[in-house]
Amino acid sequence: MDSLIQTINKLQDVFAVIGEHKIDLPQIVVVGSQSSGKSSVLESLVGRSFLPRGTGIVTRAPLILQMIRYSKEDRDAMLKITKNDDIKGWASFLHKPGTIYHNFDDVRYEIENRTDALAGANKGITHEPIVLKVFTLLYDLTFVDLPGITKVPVGDQPEDIDEQIQELILKYVQQPNSIILAVVTANTDPSTSESLKIARKMDPEGQRTIAVVTKLDLIDKGTLQDTTDLLCGHKIPVKLGIIGVVNRSQKDINDNKSMKETLKSEKDFLRSNYPDIYKKHGNKVLAKTLQDILIKHIKKTYPILHKNLQDTKTRLENELKTLQTPDSKVSFILGLLKDISKSYCETIMGNRRDVSDKIVMGGARIAQIINEEYLEKINNIDPLHDLTDEQIGIILLNTAGITSSSFVNEKALENMICRQLNNLIDPSMSSVDFVRVEMLKIFDCIDENILETLKRFPKINSDVRNVLHKMLDDKLTNIKEFIKSYIETYQTCLNTTNPNFLFQLVKSSTEMQESFITSYMGNPKGDSIKINVDSEDEENLKLQQFKQMLSGLNDLDTTIETSKQVKIHRCLTQCYFDFIREIIRDFVPKRIHHKMVKLILDDFEHHLDEFVFTPYVLNRSFDEVLVEEDGVIEDRNRVVKLLDAVNQALKNMVDIQCY
């Protein structure tokens, strides 16, 4: 049976072929600065020299390195290709199936060539991974080797190379299922280590971070105690351990020092310099530790990974349904139009199952526009906006002409009220426009699967939207004309003897009542008239007084001061405006709801049938309207490919359940 790690390797292979995906696989991600010894650590673990070397950025693509302890079947498959029985270890690339590399210098050249093919021959980087399988007798282990962290571009490197590398590293280390292998050099202050900074940022508690300390042989002898403290975990807060290693120097590489000799030299060095702790360090200990950590991590993350795969499978299956080619074109279009109407109406009526908890939408947003935003605007209108006492006086004089004005100048009052009621028209018209715009927006909030289907067929999408536009435009014109005419009716037909208006006067401010009645009664002292508004008899008396004044039945002499008339007409204008505003703010929302929202809901399906489906039938244009948008075929193939990968991954994960 394959090991747990080899099972995860299979998942990596599956998703590396697909490219971008959201599956968070358990894996060890290697992070380190340039020249930190990152490549030497990996080569020591593999036991082969195979990674590109040089100055600047050498690793420019994620390298998924899978160490596989090969089985008899693996060896037989290799022999079938190479016919070479002397091979004890070999490698292959996922992008070159069937090609066996037993000379690891050739592996290095292929990594360089593949990197140039993916990232270009300049010094840019790519997010597309290279998958390398190394078949060995050592152990199963898998890593993701990433570009070394750098701060300053060199040569023809892009100016933002540091940001590009940071973005690529974060893409891998921020995944909760990743183990971070932070490479730290012993001859620098760990607090300045870029790899540890990234690890602390993505894993503040150090729960999934292990540190590897390199270059132990390059430190000053006087700092051994400090290094011992570092290796014992006194300076780096990571939970998975700190392991020191001694790798090949550049001289060792130049002299072709073997890995076996390197491991022996490392053991001798550690025993000599760190006798109390040397058994806990070295490349062999690192390999065993990483293997144990990865196996435990795979077991721990299995339930989450399995659920993620199941959820992804469900999502992809639903997505594929919207991308499938219909068997019956007629029934497909008819069903689609019915689904559109149903989802649109449900969104407005609040009957959707997938209710949003992020934004107010659909019918709730329409209600906000009508019942809150419109009412707020109309309530905030000043009844005397742009109407000063001086203007009122001039209007009174001009409407009186060559005769003296009566106590209440009805022509002046009508002129002022008509003028002020104009202020109710624009916000009422605007509210209709806002509702129309919102009803168009609601179409983009219907069921996502329906919208995805419409994106595939631009002709149907355009025709359906045009129907909705035309319906709303027709309703818009009629309703705006009616609302404007309704307000104009109150502008031209004043009824100051309306009992409701008289009650409005009675309920108006005490100051208004007293000034008005005092002027009418000719009280030169301006004494306040004390009336208990709660008294029914006195309220009826007041009604009679207002009615007599407003009917023009008065014998006031011509010596009445204009200033009193100004005050009276200002009060009447304000009170009548408030009286009409109450009527309008009650009428407009009801009219919009009844003549726009409700009619669209009632007629949408019928209009889609009459102006979309029926013309398709008459013109026999089903083939034409089902021409898919550019890229849909590619999307369908992508979803099929990814769904196959997820199904294969779920099949492979059956092996994990056996452990």
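Author: Let's start with burial: a residue counts as buried when its relative accessible area is under 20%. Keep in mind that this is a predicted model. Here, 48% of the chain's 659 residues count as buried.

Reader: What does the chain have in the way of helices and strands?

Author: There are 24 helices and 8 strands. As for contacts with a separation of 6 or more, 80% of them link residues 24 or more positions apart.

Reader: How do I read a pair of packed helices?

Author: Two packed helices are described by the angle between their axes and the distance between those axes. Take helix 15 (residues 425-443) and helix 17 (residues 458-492): they pack at about 165°, with axes 10 Å apart. Angles over 145 degrees count as roughly antiparallel, so helix 15 runs roughly antiparallel to helix 17. The crossing of helix 15 past helix 17 is right-handed.

Reader: Which classes of residue make up the contact of helix 15 with helix 17?

Author: You'll find 13 nonpolar, 4 polar and 6 charged residues there.

Reader: Now a single residue. Is Arg 581 buried or exposed?

Author: Arg 581, which lies in helix 21 (residues 562-619), counts as buried because its relative accessibility is 8%, and the cut-off is under 20%.

Reader: What does the side chain of Arg 581 make a polar contact with?

Author: With the side chain of Asp 578, at 2.8 Å. Setting aside neighbours within four places in sequence, Arg 581 also touches Ile 378, Asn 379, Ile 381, Pro 383 and Leu 424.

Methods
Residues numbered from 1 in each chain as written. Predicted model: local features only at pLDDT ≥ 70, side-chain atom pairs only at ≥ 80, totals over all residues. Heavy atoms only, no water. Axes fitted to C-alpha atoms, helices over the stretch in contact; angles between N-to-C directions. Helix = DSSP H or I, 4+ residues; strand = E, 2+ residues; numbered from the N terminus. Parallel < 35°, antiparallel > 145°, perpendicular 65-115°, else oblique. Left-handed = near helix turned anticlockwise from the far one by under 90°. Nonpolar A, V, L, I, M, F, W, Y, C, P; charged D, E, K, R; others polar. Buried < 20%, exposed > 50% of the residue type's maximum accessible area, 1.4 Å probe, protein only. Polar contact = N/O pair within 3.5 Å; in protein donor to acceptor, adjacent residues only side chain to side chain. Contact = heavy atoms within 4.5 Å.
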